[in-house]
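Open the model in a viewer and keep the selection tool at hand. The stops below say what to select and what is there.

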Amino acid sequence: LLPQDGVRLEFVLGEVTERLPVEKPITWSFETALGESTVPVDHEWIMWQVHPADDPSPPLMNPLISLIIKNGVGRIVARSVYDGIKTQTVIADGLIFPPAQLFKWEVSFTISKAGSVKIRRDGALIADYVGPLGCVMIGNPYAKAGIYKWDTSWFGRIITLVRFPEHPLVF
């Protein structure tokens, strides 16, 4: 995948036909591989994310859950806003992405003030978080996988593979 606008090229699950429910367990399954990259050193981009509804209330530090890549190493962050308190928690860190290695992901989560996230990569549990996740929302969140870089001051080529099973979302 190559971002045509230099910013994003993502596959969106749930945005049009099925929004993800709030306060119910959700499991999202998919596969990713990181290929050739010409990203400048010390620049970050997102490989996959669970994003809030278009109009969350109160405003949230987006996204709810994301895999952020920098120099080929990833960290997973969970975010929330409840009762005016914003949280941002690194729930997995130091994830290595050798070129062209396919990873199978299973991301299980519940969006609520007493939320949770469990993430398995190739069957191994890499994150087990219990705490606030998301925010009070108008509408429901959706999931995206691919390439997103929020900093438009740099350009580079990122090649990723994203593959979804026939039924990637279970709730």
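Select Thr-110 and the residues around it. Leaving aside residues up to four places away in sequence, Thr-110 touches Glu-23, Lys-24, Pro-25, Gly-115, Ser-116 and Leu-133. Thr-110 sits in strand β8, which covers residues 103–110. Is Thr-110 buried or exposed? Its relative accessibility is 16%, and buried means under 20%, so Thr-110 counts as buried.

Now show the whole chain. This is a predicted model. The protein chain has 15 strands and zero helices. It has 171 residues, of which 46% count as buried. Among its contacts with a separation of 6 or more, 65% are between residues 24 or more positions apart. The chain exposes about 8300 Å², and carbon and sulfur atoms supply 54% of that area.

Next, go to the largest nonpolar core, which has 33 residues. Select Trp-48, Ile-65, Leu-67, Ile-76, Trp-105, Phe-109 and Ile-119, the residues with the most contacts inside this core. In soluble globular proteins, nonpolar side chains tend to be buried together.

Stay with Leu-67 and display what surrounds it. Which residues does Leu-67 touch, not counting those up to four places away in sequence? They are Trp-45, Ile-46, Met-47, Trp-48, Gly-74, Arg-75, Ile-76, Leu-95, Phe-97 and Trp-105.

How many salt bridges does the structure hold? There are three. In one of them, the side chains of Arg-75 and Glu-44 meet at 2.8 Å, N to O. This pair links distant parts of the chain: Glu-44 is in strand β3 (residues 44–51) and Arg-75 in strand β6 (residues 73–82), 31 residues apart. Arg-75 counts as partly exposed, because its relative accessibility is 23%.

Select Asp-83 and Lys-113 next. Their side chains meet in a salt bridge of 2.3 Å, N to O. Asp-83 lies in the loop between β6 and β7, and Lys-113 in the loop between β8 and β9, so the pair ties together parts that are 30 residues apart in sequence. With 60% relative accessibility, Asp-83 counts as exposed.

Finish at Asp-128 and Lys-118. They form a salt bridge whose closest N and O atoms are 3.8 Å apart. Asp-128 belongs to strand β10 (residues 124–130) and Lys-118 to strand β9, and the two residues are 10 residues apart. Asp-128 counts as partly exposed at 48% relative accessibility, and Lys-118 counts as partly exposed at 41%.

Conventions. Residues are numbered from 1 along each chain as its sequence is written. This is a predicted model: local features need pLDDT of at least 70, side-chain atom pairs count only at pLDDT 80 or more; totals for chains, interfaces and linings use all residues. Side-chain values use heavy atoms; hydrogens and water are left out. Helices (H or I, at least four residues) and strands (E, at least two) are DSSP runs, numbered from the N terminus. Buried means under 20% relative accessible area, exposed over 50%, partly exposed in between (1.4 Å probe, protein chains only). Contact means heavy atoms within 4.5 Å. Accessible areas come from the Shrake-Rupley method with a 1.4 Å probe; for residues, only the protein chains shown count as cover. A nonpolar core is a set of buried Ala, Val, Leu, Ile, Met, Phe, Trp, Tyr and Cys residues joined through side-chain atoms within 4.5 Å. A salt bridge is a side-chain nitrogen of Lys or Arg within 4 Å of a carboxyl oxygen of Asp or Glu.
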